[in-house]
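Dear colleague,

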Amino acid sequence: SLMAKSNQREKMTQEIAIYQTLNHKHIVDFHDFFDDTNNIYIILLELCRMRSMMELHKCRKALLECEMRYFMKQILDGIFYLHQHRRIHRDLMLGNLFLNDDLQVKIGDFRLATRLEDDGERKKIVCGTLNYIKLEVLTKIEHSYEADVWSVGVIMYTLFVDKPPFETSSLREMYSRIKQVEYKTPQHISKLAMNMVVNMLQLNPSKCLFFVKLMKDIFFSSGYMPASLPLSCLTMESRLDTLELHCNRKPFSEMNLDDYSEQEIFLRVANSLSRKAKFNNKVIEPQRSVNFDIRKMLQMLKKQIVVVLKTKPARETASSSDELTDPAAQPVIWINKWMDCSDKYGFGYQLSDDSVGVMYNDGTRLIMMSNSYNIYYINREGDELYYTVKDYPAHLEKKMKVINFFLKYMNKHLLKAGGSILMKRGNKLFKTSYIHQWFRTQTAVVMQLSNGTVQINFLDHAKIIMCPLMAAVTYIDHDKNFKTYRFQTIQENGCCKPLADNLMYAYEKIKFMLTNSQAR
């Protein structure tokens, strides 16, 4: 970066010096740099291809408690390491908590970080991001490690509630709320989780719990904490019933179900759900209350495509080089087989995780997980009811026969779209997506998944899969080449004409979906 002012070089040098002394699994790795008279080049920082927790928050809005335990444990572990080495980050926020391919937290951006000469030293410089700043920092009162504790408290609250605790439209009111430590306590947050937040959002440093104690907080032992999370959680909440059964982190299909009686499985499932659940009328809160709004995801995708189309991306000689592709933006899940039997039964499909679903003509849905054992049924009211292939109500008998018919036919007669592409590790540990709506035109089948992904299969066998979260499109051409491009890359470099034409077509169909009620 160009050092326009002398103090910029000093700040950059200080950031590099801090990076060079750090080595921890939850801190972004720094590898090397060089400089000249005008510039300092940081040439190697650890690549965090899953972006940051800011993007996770934008899509998911609020996390489940088990997911919170997973992420908070790593955040606390990383900050505790910093404090052990007398470093204060001073700009902790969601955008500076990066995620690698395994969804491990990596703390980065040390531009405002500082080093203490001893544990008793206090700082007075005003720095940080307003929503996350402690009062002492704002008012230039001496501060130390507790400034980071406060910021982590704000992060935890934000991930639970969907917005920072002190956020208002008025800057004056925000200052006032920070000064009074005034924030709402939502009823959906457990008492133990809220107690941990309260212990971090303390104005008096003597009352503030530091990380050595926070890491032993009862919140972490009060419920299930997964050892890892699959990429699915970027777009959808955890399917806790399946996740808890995977104590050895194996896909569900590899488990020996004979080790458990059906009663034991149901008891485990019922105890693991954070939402109200009841088996054998296994009523789960309506799917209509999922953490993200499918319509908003569609609006987001429309805006992304508009920006691309404004650049007139079609290039007769556009490079199809793999250098422009980004495998990290590959969709989490897509439709690899489908059958339209809506003249009699409904629309059947198979997803890339090998789960199978049917949208029946009566407006209900049935999804069979990839283990071919667990199923969930979505009635016309949007309620999710969980069963197994061995235990389901009599009124589902005909629908079970239909889904098995679709499964056998697709396995025997249809090829997988993107069948040569490996699924991202761990996706099968979470409740799969399902088709939210679909419709046919003279030239294509348009399908939208419940995670916001829109897929269009053209009758000439080309396909596009558009993910608003990743801000990317996957293009499967006539030769079955599977390539994923960020929308930003297409804006800057253009794309082949067939893909540009398909994006224009997608824009028109997304407009149709937004102005019309659900197609099917």
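This is a predicted model: local features need pLDDT of at least 70, side-chain atom pairs count only at pLDDT 80 or more; totals for chains, interfaces and linings use all residues.

Strand β18, residues 463–467, and strand β19, residues 472–476, run antiparallel to each other and are joined over five bridges. Both are part of an open sheet of six strands, whose order is β15-β16-β17-β18-β19-β20 and whose pairing is antiparallel. At the edges of this sheet stand β15 (435–440) and β20 (482–486), and because each has a single partner strand, one side of each is left without a neighbour in the sheet. From one strand to the next, the twist averages 15°.

Helix α15, made of residues 497–515, lies across β15, β16, β17, β18, β19 and β20, and runs at about 60° to β18.

In soluble globular proteins, nonpolar side chains tend to be buried together. In this model the largest nonpolar core has 68 residues, and M53, M72 and M156 are those with the most contacts inside it. Domain 1 (2–222) and domain 2 (290–515) both contribute residues to this core, which is why it lies between them. If you set aside the neighbours within four places in sequence, M156 is in contact with M68, M72, A193, M196, V197, M200 and F219. Another core, of 29 residues, lies apart from the largest one, and it includes V446, V454, Y485 and F487.

V332 lies in the loop between β8 (314–315) and β9 (335–341). Is V332 buried or exposed? Its relative accessibility is 7%, and since buried means under 20%, V332 counts as buried. Although V332 and L234 are 98 residues apart in sequence, their C-alpha atoms are 8.8 Å apart in space.

Finally, here is the chain as a whole. Its secondary structure comes to 15 helices and 21 strands, and of its 520 residues 53% count as buried. Among the contacts with a separation of 6 or more, 63% are between residues 24 or more positions apart. The chain exposes about 24400 Å², of which carbon and sulfur atoms supply 50%.

With best wishes

Key:
Residues are numbered from 1 along each chain as its sequence is written. Side-chain values use heavy atoms; hydrogens and water are left out. Helices (H or I, at least four residues) and strands (E, at least two) are DSSP runs, numbered from the N terminus. Buried means under 20% relative accessible area, exposed over 50%, partly exposed in between (1.4 Å probe, protein chains only). Contact means heavy atoms within 4.5 Å. Accessible areas come from the Shrake-Rupley method with a 1.4 Å probe; for residues, only the protein chains shown count as cover. Two strands pair if DSSP finds at least two bridges between them. Axes are lines fitted to C-alpha atoms, for helices over the stretch in contact, and angles run from 0 to 180 degrees between N-to-C directions. A nonpolar core is a set of buried Ala, Val, Leu, Ile, Met, Phe, Trp, Tyr and Cys residues joined through side-chain atoms within 4.5 Å. Domain bounds come from an automatic or database domain assignment.
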